[in-house]
Amino acid sequence: MQPRKEAFALPYATPSKTAPLSGPESNSSMANANPGISTGLPRPSSYNSVHSNVLGDGLYTQEKVKHLEEYLQLQVKEGSYDFEANKSLLKLYLLYPPLANNENVETILLKALLNLPATDFTLLLYILPEKLQTDENVLTIKDAAEALETARYADFWSILNSRAAVFLAIPEWKDDIRKIILTVHAATYKAVDKAHVSDGVGLSGDELDSFLTANTPGLVAKVEVDRVIFAPNKENQPWVRKYKEKVDLQNMLGILNRLAA
Amino acid sequence: MSAKFKTFVTRLHGAVRAERPNEERIQEVYQESEEVAKEFNNDPWPKAEEVSALVQEDRVFLLLYTEMAFQAFFKNKNMKATMEDRVGSWQNYSALFTALIQDEAGDAMTEAARAHGAEVMITGKWAFDIIYEFVYQFQEACQYRASALQSAINESELQTVLDHKDVWTVDKVFNFLHQLVKVSKVREVLEVASLSKGSAEGEGGGAGAVPLVTYPSKLHYLLGYFALVGLNRLECLLGDFQNALSVAEPVMEESRSVHAGAGLLLSSSIIAQVSLHYHIGLSYLMIRKYHEAIKTFVSVLDVYFKYMESVKQQQRAQQQQQQQQQGQPVQPPPKNADDLAAGKLVDKVAAMLLIVHHLCPGQHIPENIRGHLTGEKMKDKLRHVQSGDVDEIVTLFVVSAPKFISPATDYDAAASSMGVGGQVGTGRGGSGGRTGTYGGLQRIVFAEEVRQMLELRKLRDYLRLYSTIGLEKLSAFTGQEPENIRRELVQYKHKLLQLEASTGSSAQQSLDFHYYLDGDMVHVDAGEHENRQEVSKHFQHEIRKLENLARTLRK
């Protein structure tokens, strides 16, 4: 079992693990946008062999489905993640509807949410096979994702509680999402009432305290009786503003002269 | 078959197999096809067998010829294309592509070159047309198939569809395009070119250490190159926007490094350029990389305007010449089909730009383009976007987006509906069902995004006015509950993090301001305001003008 890396540093709080940008223009190089290598879950152990043997030629053939399904199960077991492979599997389901497996689709979607704030989940939604667009479980996951995106955490937790079975495909999913929510809070707040954090992460009392302590240092700086103070990071501190005045001294002097006269 | 047509075919063959290939000449004859075809009116062109004698049974040329014939046939609005026709077209593409794919080392092409005097040469524009038409016919075939299965146009058509389940299938289409790319080695050639920063054909790249990559034949290379463009469009239509971007990356990379389109294969056809950038911009938009989307749209509008300018100048010069010769005013020539198509696409690009810019304001758009966006033609669309109404924006989007397709066909359900002749109402690629066409999914996801972004934009507008503001005050302004505002602030942060994560650049660029909360107090840091600088410049300018005026008056 690969050790789970500390996966929830805020982007740029620690050096980013994405490839550095090549040149001043950032439009080039899609390597940056590969969320599978960003600050999320680690790569699966058989990443290299899958990418060279299965995904290498870029074609979409039915034989690949089995391999990618096994690879998906590996990701669940290891706690690793490979967006490109999962997306390819979903696309194969789209192209060959008889092969589509509902549980796998649900797993793929849940895995994608674990890579928030990357946009993996949205990208997957675009290629959802038609049969599944009206599937009850998929709709539940969609609702939960929407609640998560719009910061309606109370709704999010109530969905999870009422339809818990859907989210059991990945054992540690709840805890991982919890950390993501805390990350967003750490980016938004310098300090805030504990009640809000409690609503956000769906915990209270002792559970909440131990969860917060587990993330100190890192995201949380201090836990008080009724407030949580977050560690300083790029997002929750004032920016240093550089003043670039476009008026040069000579002109100003001329104008001041005029005014004084 | 008239003498005129015979001459046309012979001349085309001559130009294509010329010993000293002349691109302009090929282009000239190729474009005559529109003219020449008029004689056939509503009949298809003569079959390949009939013209074979004219071109010494040149197999490759005949495949190209048949492709042109089918293109003309499908384009003719008076013809009703049947499944049988589509099967025929598919078989021709199949033959053409397979011939190239199997000829990895280019030996067969060299053979043919020896037999017919020279290598086959076509123009970039021609190659683009082939690939583009290929993808377009695939789109049409999918829709045709779906509607045949759903509403059973008529029994025999349905039967033809069921008999030919293996034509125009998405995996084969993908396969062909990918294999064309692979066999043409276009990716390697472009990579070498970018490394040595020479021209993209390997000859100019003699930078010593970088090995030259050779492709099997010119035809291979051209079709492989535009196969990348075709794949880009195909991925877009299927909703895989990330792949669409990555597959077109070599071409985009090239167009960024080579200046002003000189020697750039893509710019051999204006519609190729516009189409590629349109799809790239759309993909960025769907991936929520709003800044890149805006950049792409702006750059292609720029290219298009420059192109139209140069076309107008050419026409004006021609007109003047003709007027001098004829001694009387001459009508301006009608726009050719390509320019018209490009123009339509450009309208869509402009509409998209309006939408993206509204959702993600704060990025600078150059004057001339801004002028076009607020001009006469765009007034309606501008109104839609500025209304702030989600439905209006989504409608505009749907109109400006391509027709997404559902590639898979569910034959079983169709078989059960045969003979019933009724509609299968589960929204499969046709009408009916809650989501309507497959594109409904794209629309729904996009609509949700628009809703969120509009909500957040309102908040942003208020926040920009302050450096610190309490939740209570914000609540008073927006008429929303403080708790809701708090939620929106967290949501907005989430969005900002998303934009950061996808662009890999700091939030400073993704949205031009930054904020955080301390308890109930929002602290805002606005980015550099362009307007402020312009204001100070403006004042300086006016003051100086006034001074000069005062001085002259005093004299």
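Chain B has an accessible surface of about 25200 Å², and carbon and sulfur atoms hold 52% of it. The model is predicted. Chain A exposes about 12000 Å², with 55% supplied by carbon and sulfur atoms.

The chain-level values are set out below.

**The nonpolar core**

The largest nonpolar core holds 232 residues. Six residues have the most contacts inside this core: A:F156 and A:W173 from chain A, and B:W126, B:Y225, B:F226 and B:V522 from chain B. Helix α11 of chain B, residues 218-238, gives the core its largest share, 14 residues. Two domains of chain B also contribute: domain 1 (267-321 + 337-406 + 435-452) and domain 2 (466-554). Both give residues to the core, so the core lies between them.

What does B:V522 touch, leaving out residues up to four places away in sequence? Its contacts include B:L463, B:S467, B:T468, B:I469, B:L471 and B:L474. B:L489, B:Y515, B:Y516 and B:L517 are also on the list.

**A nonpolar patch on chain A**

On the surface, A:L249, A:M252, A:L253, A:L256 and A:L259 form a nonpolar patch. Together they have about 510 Å² of accessible area. One of them, A:L253, lies in helix α12 of chain A, residues 249-260. Is A:L253 buried, partly exposed or exposed? Its relative accessible area is 45%, so A:L253 is partly exposed.

**A loop proline in chain B**

B:P366 sits in the loop between α16 (337-359) and α17 (367-373) of chain B. Its relative accessibility is 30%, so B:P366 counts as partly exposed. How far apart are B:P366 and B:D163 in sequence and in space? The two are 203 residues apart in sequence. In space they are 55 Å apart, C-alpha to C-alpha.

Note on methods:
Residues are numbered from 1 along each chain as its sequence is written. Chains are lettered from A and ligands numbered from 1 in the order in which they are written. This is a predicted model: local features need pLDDT of at least 70, side-chain atom pairs count only at pLDDT 80 or more; totals for chains, interfaces and linings use all residues. Side-chain values use heavy atoms; hydrogens and water are left out. A nonpolar core is a set of buried Ala, Val, Leu, Ile, Met, Phe, Trp, Tyr and Cys residues joined through side-chain atoms within 4.5 Å. Buried means under 20% relative accessible area, exposed over 50%, partly exposed in between (1.4 Å probe, protein chains only). Helices (H or I, at least four residues) and strands (E, at least two) are DSSP runs, numbered from the N terminus. Domain bounds come from an automatic or database domain assignment. Contact means heavy atoms within 4.5 Å. Patches are made of residues with over 30% relative accessible area and no salt bridge: like charges are joined within 9 Å, nonpolar side chains (Val, Leu, Ile, Met, Phe, Trp, Tyr) within 5 Å. Accessible areas come from the Shrake-Rupley method with a 1.4 Å probe; for residues, only the protein chains shown count as cover. A salt bridge is a side-chain nitrogen of Lys or Arg within 4 Å of a carboxyl oxygen of Asp or Glu.
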